[in-house]
Amino acid sequence: MSSSIELRDVSQVFAVRGDEDRQLRDFVALQGVDLTVAPGELLALVGPSGCGKSTVLDLVAGLTRPTSGRVLVDGEEITGPGLDRSVVFQQYTLLPWRTATANVELALEATGRYTRAERRERAREHLELVGLTEFAHRYPHELSGGMKQRVAIARSLSYEPGVLLMDEPFGALDAQTRERLQEELVGIWERTGTTIVFITHDIEEAVFLGQRVAVMSSRPGRVKEVVDIDLDRSAAVESDIRSTPEFAAYRHHVWASLRQQPARRLEEVERVA
Ligand SMILES: Nc1ncnc2c1ncn2[C@@H]1O[C@H](COP(=O)(O)OP(=O)(O)OP(=O)(O)O)[C@@H](O)[C@H]1O
Ligand SMILES: [Mg+2]
């Protein structure tokens with residue numbers, strides 16, 4: 001199952017307090033964002049810190065509503081969070097007193113859709129999907145960071161959402177684990193066909209994962225360019241796709257696109273943080 005996502009002329013304005021006068025003023029986080037994600041597509045959203053990536057994700061997740069514009073899933077306006085969309089966050093979000101299996105089962109239980117036997121079977125299947133069969137009965141503190149994120153991915157996919165939203169899910173991992181999980185994610189995406197929006201500030205990660213890479217600029221946040229990444233992913237398994245000239249060319253293109261934006265002054269960053 002996979003869904004389409006559409007942002008049409010979306011703006012998001014927050015009220016923030018000024019430093020000197022403590023008066024509330026408008027802070028434009030997103031302005032005129034247009035973005036379409038096709039069913040089954042893996043889109044990477046890349047941009048500098050504070051450009052509004054998580055704000056976009058919150059809108060699609062239904063955690064917030066846009067100040068203006070429309071956010072649609074399968075052509076329907078989003079009115080709140082739903083089981084058709086699932087989020088994997090950067091920080092680990094497992095319940096420490098539940099095993100990997102029990103964490104997945106709890107999410108399934110919350111949907112109210114599955115019997116106890118179905119929950120057990122789905123948890124087993126999805127932990128297998130992320131390569132954690134042997135660790136199914138471990139508690140989060142007995143798992144590495146990468147394993148915890150795999151459990152979170154298994155949990156998110158277990159109830160078959162049409163959209164998987166990922167906000168820097170591998171940001172806290174070491175480089176090697178990160179690369180391995182990126183490869184695994186491509187495999188999982190190919191097997192499940194789920195639409196994925198993957199947020200990152202890492203250009204290499206964006207180019208490796210994305211069929212398309214949406215480049216955001218900041219102040220105000222907008223999508224400045226969407227780059228089609230036409231790499232032969234079947235070759236990624238056997239060879240190191242990251243070291244090919246084609247990969248380097250895409251990486252450079254996205255880098256140059258990001259560089260063309262004015263640097264944010266530090267005091268501005270702090271004023272709105
Ligand atoms: N609830 C809020 N109230 C006020 N300002 C906010 C709120 N949420 C976000 N912002 C501001 O909107 C801007 C975009 O924030 P957002 O979290 O979307 O950035 P980001 O691209 O995800 O950054 P990072 O890569 O650091 O996670 C930032 O300047 C942030 O301070
Ligand atoms: Mg963010």
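How many bridges join strand β4 to β5, and do these strands run parallel or antiparallel?

Modeller: The model is predicted, and local features need pLDDT of at least 70, side-chain atom pairs count only at pLDDT 80 or more, and totals for chains, interfaces and linings use all residues. Residues are numbered from 1 along each chain as its sequence is written, with chains lettered from A and ligands numbered from 1 in written order.

Strand β4 (residues 68-73) is joined to β5 by two bridges, and the strands run antiparallel (pairing requires at least two DSSP bridges; strands are DSSP E runs of at least two residues and helices H or I runs of at least four, numbered from the N terminus). Within this pair, L72 has E77 of β5 as its bridge partner. The two strands belong to an open, antiparallel sheet of four strands, ordered β2-β1-β4-β5. Its edges are β2 (24-37) and β5 (76-77), each of which pairs on one side only. Helix α1 (residues 53-61) packs on this sheet and touches β1 (5-17), β2 and β4 (contact means C-beta atoms, placed from the backbone, within 7 Å). The direction of α1 makes about 70° with that of β2 (lines fitted to C-alpha atoms, for helices over the stretch in contact, with N-to-C angles from 0 to 180 degrees).

Elsewhere, strand β7 (residues 163-167) takes part in parallel pairing. Strand β6 (residues 85-88) pairs with β7 over four bridges in the parallel sense, and V87 has L165 as its bridge partner there. Strand β8 (residues 195-200) also pairs with β7 in the parallel sense, over five bridges, with M166 opposite F198. Because five of the five residues of β7 are buried, the strand is largely enclosed by the rest of the structure (buried: 20 or more other C-beta atoms within 10 Å of a residue's own; exposed: 12 or fewer; partly exposed in between). In a regular strand, side chains alternate between the two faces of the sheet. Both faces of β7 are covered, with V163, L165 and D167 buried on one side and L164 and M166 on the other.

Helix α8 (residues 245-259) has Y250, V254 and L258 as its buried residues. These cover an arc of only 75° around the axis, so they lie on the same side of α8 (the arc is that of directions from the helix axis to the C-beta atoms). On the other side of α8, P245, A249, H252, A256 and R259 are exposed. The buried residues of α8 pack against β3 (42-46), α6 (203-209), β9 (212-217) and β10 (222-228).

Definitions and conventions. Expected span 1.5 Å × (residues − 1). Contact = placed C-beta atoms within 7 Å.
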